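I opened this notebook to record what I looked up in the structure.

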Amino acid sequence: MDDKKGLDKKERLLAALDQGMVMIHLDARRPGVLVPASLRGEGHLRLNLSYRFDPPDLTVGEWGVRCTLSFSGSRFTVAVPWSALFAIASHVTKEFWMYPDDMPPELLQQPASARPPQPVPVVPVAAERPRTFLREVPMPGDTRASDAPEVPPTPPTDEPKDDPPTPRRGHLRLVK
C-alpha cells in the first residue's frame, strides 16, 4: 500500500472490526468496486461487516476489502478498494471516521444535515454505579439479630466479573 490514507483506513477498519459490527460507506461507481449489478450506480452505498457474520473470506488487505455478503438472500463477493471507501462507522463504539477527499462530489454539495454524521468523540464511562449492599435490620423486640455480631458490608472490588453463562442450546426440535 503506497498511501498513508489507505493504511489509516485499513488500521481503523481492523480495529473497529475487533470491537464488533462496522458499516463502511463507499462509492460503488469507483473503479475496482465489485458489488451486485443493482447497486453499481450507488454514490453512497453502505455495507455492514462483522466477524460475527462468520464470513468465510473476509480480507482486509493492502488493496482494500473483500468479503462474501448476503444481498436479498443471495451471496455475492464484494470488493472495495481503499480509494472507494470514504467513511467507517463502528456500531459498537459509535465512532465515525470520514475521509472527505474520497467522498463523491454530490455528497460534499449536500447540506450538512443530509451528510453522514461527523465523528463524535467517545467518552468512556467514568465509573460504574456504586454497588448496593443489603444487610439485615433488626426489628424491635427481635432477639435473633441482636445475638449475632454485626458484620460490616464487604467493600466493592475491582476484580473481573465472571463471564456470563453460555446460552443453552434450543430445546425445540423439528417434528415431521
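Entry 1. I began with a definition: a charge sits over a ring if NZ of Lys or CZ of Arg is within 6 Å of the ring centre and within 35 degrees of the ring normal. The model I examined is a predicted one. I then looked up K9, which lies over the face of Y99, at 5.1 Å from the ring centre. I also noted R66, whose charged end sits over the ring of W63, 4.2 Å from the centre of that ring.

Entry 2. I turned to the pairing of rings. How many aromatic pairs does the structure hold? I found one aromatic pair. Its members are F71 and F76, arranged edge-to-face, with 6.4 Å centre to centre and 85° between the planes. F76, with a relative accessible area of 24%, is partly exposed.

Entry 3. I looked up the sheet. In general, strands of a sheet pair through backbone hydrogen bonds, either parallel or antiparallel. Here three strands form an open sheet in the order β3-β4-β5, and the pairing is antiparallel. Why is one side of β3 and of β5 left without a neighbour in the sheet? I recorded that β3 (59-60) and β5 (74-81) stand at the edges and each have a single partner strand, so one side of each has no neighbour there.

Entry 4. I followed one pairing further. Strand β4 (residues 64-71) pairs with β5 in the antiparallel sense over eight bridges. I noted that T68 stands opposite T77 in β5.

Notes:
Residues are numbered from 1 along each chain as its sequence is written. This is a predicted model: local features need pLDDT of at least 70, side-chain atom pairs count only at pLDDT 80 or more; totals for chains, interfaces and linings use all residues. Side-chain values use heavy atoms; hydrogens and water are left out. Rings of Phe, Tyr and Trp (its six-membered ring) pair if their centres lie within 6.5 Å; planes under 30 degrees apart count as stacked, over 60 as edge-to-face and the rest as tilted. Buried means under 20% relative accessible area, exposed over 50%, partly exposed in between (1.4 Å probe, protein chains only). Two strands pair if DSSP finds at least two bridges between them. Helices (H or I, at least four residues) and strands (E, at least two) are DSSP runs, numbered from the N terminus.
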